[in-house]
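Open the model in your viewer and keep the selection panel at hand. The tour goes from stop to stop, with something to select at each one.

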Amino acid sequence: MPIVSKKGSLMPQSPIRKLVPYAEKAQKAGKIIYHLNIGQPDIKTPKIALDAVKNNSLEILAYSRSEGSEVYRQKIADYYAKNDIHVKHDDIIVTTGGSEALLFAFGSIMDVDDEVIIPEPFYANYNGFSTSSGVTIVPVVSKIDDNFALPPIEEFEKLITPKTKAILICNPGNPTGYLYSKEEIKKLAAIVKKHDLFLIADEVYREFTYDGLEHYSILQEEGLEENAIVIDSVSKRYSMCGARIGCLVSKNKTLIQTALKFAQARLSPPTFAQIASEAALETPQSYFDAVITEYVDRRNTLVSELQKIEGVKVGTPKGAFYCIAELPVKNTDRFAQWLLEDFDVNGETIMVAPAAGFYSTPGVGLNQVRIAYVLNKESLIKSVAILKEALKVYKD
Ligand SMILES: Cc1ncc(COP(=O)(O)O)c(C=O)c1O
């Protein structure tokens, strides 16, 4: 019998999606499930983006350029300029989601067995992208008791070996909501410059910062032009996850030329979705103001409801729309499955993402879950009430 690759066997399942079959079975059996597992916002996509596709008169749905349409890239550059990030359209490659931008970045800068330093917990699919690129993640550990603040930046430097090619941060962070200060970015910049490393910043949640805090992009940092690679996406910004459009941005010309070869191999990003994403750039600031207000309200509700449950620990996210919660259970993989298979309150239950998959250190995060506050306040309050009841009866 033919056998699959070692790499394929090693690919981790996504902790966000691996319980879907149990959820589908529960749904078929008539249970209502509150989906706290996935960052799929319930916020409406700007009409202007949907209309651009609906009202389109294309007669041939052709390939676009591999790096994305020039007009769209020019408009993305204008969007960055409004955010005080100054890049040119040819510093940008349009990708099929931020996911593909991550794959292009990994492929362009790392060889098999190279190392990338990442603060953990981190976006779970970094594990998958590293495995598919044959790259080893070297984690910098952050802890729930410190609200996931970074350990002293100097800790990063201790982890650098001759195999280290990059430091990867997610800012604001999924799953912790951590927002890097300007000072932290400056320290990271000093380290990558000193050791000739790339600094990859996944900034797909750039707009989602709370409590008056401002995002500082690595592309704003002077002198980091050759080192900085930004991963971006329309998925969360405009609640357009299904468009599958993102981009990779860097002023490092060799990096862009290299990433372009990966882009050429997959021909082009989706044409209709670029049309929608280009139109989405016209979204007024009032849309974001309303969305941010909504997320702050949801965050406050979720965190304060969770804090009322004995034995539950939760940090306060400063950005994005996730939090990590520590639960009084030994293994949240089993708990999350049990919630779907064996538990309900009046026919309703919740789906959460077990957090171990957001770490690369084995055995860490087993008593944690990631909760996405992408549902309305009432649903969040109901969900936490369900969690509270579940914890009363669950036996490890
Ligand atoms: C931190 C982070 N980066 C990248 C992605 C990839 O998003 P997409 O491929 O939809 O742009 C996600 C999706 O949830 C994410 O949370």
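Which helix and strands do the buried residues of helix 6 pack against? They pack against helix 5, strand 3 (115-120), strand 4 (136-141), strand 5 (164-170) and strand 6 (198-202).

Before going further, some ground rules. This is a predicted model, in which local features need pLDDT of at least 70 and side-chain atom pairs count only at pLDDT 80 or more, while totals for chains, interfaces and linings use all residues. Residues are numbered from 1 along each chain as its sequence is written, and side-chain values use heavy atoms, with hydrogens and water left out.

**Stop 1: helix 6**

Select residues 125-133, which form helix 6. Helices (H or I, at least four residues) and strands (E, at least two) are DSSP runs, numbered from the N terminus. The buried residues here are Tyr126, Asn127, Gly128, Phe129, Ser130 and Ser133. Buried means under 20% relative accessible area, exposed over 50%, and partly exposed in between (1.4 Å probe, protein chains only). Now step just past the helix to glycine 134, where phi is positive, at about 70°.

**Stop 2: the ligand**

Select the ligand and its shell. The shell has 13 residues, and the closest are Gly98, Ser99, Asp202, Tyr205 and Ser233.

Colour the shell by class: four residues are nonpolar, six polar and three charged. The classes are Ala, Val, Leu, Ile, Met, Phe, Trp, Tyr, Cys and Pro for nonpolar, Asp, Glu, Lys and Arg for charged, and the others, Gly among them, for polar.

- Glycine 98: a polar backbone atom is 2.6 Å from a ligand oxygen.
- Tyrosine 205: a polar side-chain atom lies 2.6 Å from a ligand oxygen.
- Arginine 244: a side-chain N or O atom is 2.7 Å from a ligand oxygen.

The protein covers 94% of the 390 Å² of accessible area that the ligand has on its own. Accessible areas come from the Shrake-Rupley method with a 1.4 Å probe; for residues, only the protein chains shown count as cover.

**Stop 3: the nonpolar core**

Select Tyr126, Ile167, Leu306 and Phe335. These have the most contacts inside the largest nonpolar core, a set of 134 residues. A nonpolar core is a set of buried Ala, Val, Leu, Ile, Met, Phe, Trp, Tyr and Cys residues joined through side-chain atoms within 4.5 Å. Helix 11 (residues 285-307) gives the most to this core, with eight residues.

Zoom in on phenylalanine 335. Not counting residues up to four places away in sequence, phenylalanine 335 touches Leu327, Val329, Leu387, Ala390, Leu391 and Tyr394. Contact means heavy atoms within 4.5 Å.

**Stop 4: helix 10**

Select residues 271-280, the span of helix 10. Serine 277 sits in helix 10. Is serine 277 buried or exposed? Serine 277 is buried, because its relative accessible area is 0%. Beyond its neighbours within four places in sequence, serine 277 is in contact with Tyr72, Val234, Met240 and Ile245.

With neighbours within four places set aside, glutamate 278 is in contact with Ser69, Val71, Tyr72 and Lys75.

**Stop 5: backbone geometry in loops**

Select the peptide bond from glutamate 120 to proline 121: this bond is cis, with omega near 5°. Proline 121 lies in the loop between strand 3 and helix 6. Then take asparagine 171 to proline 172, also a cis bond, with omega near -5°. Proline 172 lies in the loop between strand 5 and helix 8 (182-194).

Finish with leucine 267, which has a positive phi of about 70° although it is not a glycine. Leucine 267 is in the loop between helix 9 (253-265) and helix 10.

Notes. A residue is near a molecule or strand if one of its heavy atoms lies within 4 Å of it. A polar contact is a pair of N or O atoms within 3.5 Å; within protein, one must be able to donate a hydrogen and the other to accept it, and residues adjacent in sequence count only if both atoms are side-chain atoms.
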